[in-house]
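Me: I have a structure to go through with you. Can we take burial, rings and charges in turn?

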Amino acid sequence: MSTTSIQSDKEYKGIQKIQSLSPNKSHTYFQQDQKQHNYYNQYNQQKKAQNNNDNQKNSYILNKNKSPEINEKNNLSQEQNKNESFLLEDSNYQIYDCINTIQLRYEKLLLCENLLFYYKSCCDYQENQNNEYKKMDGKLYQTNFDENKNPKFKIQEGSFSVNLSKQKFVLSENGIEYLGKSNTIKNSPIRDYNDGNNKRSKSAPHTKIVIIDVSTGLQVNKNYAIRNNKNQLLSCWCKYNQQFCKKDILILQNKGRLTSSIIDGYVMYLNLESERIYFKIQQRNRQEINRILLLPSTLTTNFGIDYSDQHSKLLFETELLEFQELNYELELIYSYIGMPVNQNNYHWYFLLFDLKQRICTIFDSLQQPNLNMNVDYKLLSTLEKLLKIKDCKRELSQFSGQQFDGYSCGYHVCQFMKYCNEKQFQSNVKYNYNQSEITEILLKVIQQQQQ
């Protein structure tokens, strides 16, 4: 993915941007035509014709004397160029981004909305009868969503029949499918070594509890389970991979403190909207966009208090499993990584990491920009290591310090995340905190879709 320059006259959440210099242009006098006399032109034409004949003879001799290894290498290079031209010439390729990875296993990565496909540049492209599918070896990460935007992950690896226009990646029979979002192979045999017969252990059967009224002799709890399940269906639902209930609706309607479910649900909503808008833009214009990826607050919350680097690294890599083939070099795709942070379960603030400029901006609605920062420095250092940012500069956002009550920190964070998401596509967008606006947006995000 090509790196784009950042405009110097724009500010991104208080970060002054640095514009990269364009390549030096050669002077015009190098482009001036040098005039020659006619007899020199005639001599040069004759000399050029003679050189062409000599080159043809030498080329025949060299090709005849080449070793089989060199010929095989050249054939492989030609085949690779042919394979690459397949993508470049395909009009449907424009809906994808293609980047060079830094790993040896898969050299290329195709990105589309909710889809990543790592593949080898020297794949065996074979056309079928209708000339729609190509054979490609690679690894697929695809996410499908239900009507409430709950994700279902599909990870497959092996030989694929690929149709770019239909975004179809059909795995061959010998391919590997993984269990959900994990590195565990689906349908792999699981053995219980405590069992002498190497059979899976079975859980104990469920015990049914019956409550009898002594006076009447009738069962009291006969229909309790049915009534309980119906109440749960009416009062709780899952959306954007979070569980919500009527209490969350009341929190927003009564200006209560936002829960992690509301904020993390909004994180997924913004990421999906960002992908949708980004891949609708023409490919040549997408190169100018500095993309942002938002991570849920559960990532840092699950670190705990006394956490080790190994523990935080495991959680980080599990959350971003689809980038393991990139060795988690997120800068190849994104310019910014942002995440809301729940501080001791009583205050929300937001961290924005500029991967290219190596700057961490802290947005805290309770801290004034001109005061010293009161942040978790251990958390900042851990995240900088995970994001591979060296000598990271830290600063407080100029939009901090606008909270004047004891409950609205979560609303400020959501408004700031909305601003960050819009800033990708509209450089002139301005930050303006509007609690009524962000509350209305959050209500629409978490409300259950009618079945």
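Reply: Start with the term: buried means under 20% relative accessible area, exposed over 50%, and partly exposed in between, with a 1.4 Å probe and protein chains only. Of the 451 residues of the protein chain, 38% count as buried. This is a predicted model, so local features need pLDDT of at least 70 and side-chain atom pairs count only at pLDDT 80 or more, while totals for chains, interfaces and linings use all residues. Residues are numbered from 1 along each chain as its sequence is written, and side-chain values use heavy atoms, with hydrogens and water left out.

Me: How many helices and strands in the protein chain?

Reply: 11 helices and 16 strands. Helices (H or I, at least four residues) and strands (E, at least two) are DSSP runs, numbered from the N terminus.

Me: Which residues have the most contacts inside the largest nonpolar core?

Reply: F323, I337 and L351, in a core of 44 residues. A nonpolar core here is a set of buried Ala, Val, Leu, Ile, Met, Phe, Trp, Tyr and Cys residues joined through side-chain atoms within 4.5 Å.

Me: Which elements give two or more residues to this core?

Reply: β4 (108-112), β5, β13 (336-343), β14 (347-354), β15 and α9 (377-386). Helix α9 gives the largest share, four residues.

Me: And what is F323 in contact with, leaving aside its neighbours within four places in sequence?

Reply: L116, Y118, L293, Y328, L330, I333 and Y334. Contact means heavy atoms within 4.5 Å. Apart from the core of F323 lies another core, of 36 residues, among them Y240, L252, V413 and V445.

Me: Rings now. How many aromatic pairs does a search of the whole structure find?

Reply: 19. Rings of Phe, Tyr and Trp (its six-membered ring) pair if their centres lie within 6.5 Å; planes under 30 degrees apart count as stacked, over 60 as edge-to-face and the rest as tilted. One of the pairs is F117 with F169, which is tilted, at 4.8 Å centre to centre and 45° between the planes.

Me: Why does that pair tie together separate parts?

Reply: Because F117 lies in strand β5 (residues 115-119) and F169 in strand β8 (residues 168-171), 52 residues apart in sequence. Both F117 and F169 are buried.

Me: What about F363 and Y431?

Reply: They form an edge-to-face pair, 6.0 Å centre to centre with 70° between the planes. F363 is in strand β15 (residues 359-363) and Y431 in the loop between α10 (409-423) and α11 (435-446), 68 residues apart. F363 is buried at 0% relative accessibility, and Y431 is buried at 11%.

Me: Charges next. How many salt bridges?

Reply: The count comes to 11, where a salt bridge is a side-chain nitrogen of Lys or Arg within 4 Å of a carboxyl oxygen of Asp or Glu. In one of them, E157 and R105 meet at 2.7 Å, N to O. E157 sits in strand β7 (residues 151-163) and R105 in the loop between β3 (97-100) and β4, 52 residues apart.

Me: Is E157 buried or exposed?

Reply: E157 is buried, at 6% relative accessibility, whereas R105 is exposed, at 52%.

Me: What does R276 form with E273?

Reply: A salt bridge, with the closest N and O atoms 2.8 Å apart. The two are three residues apart in helix α5 (residues 260-278), so about one helical turn separates them.
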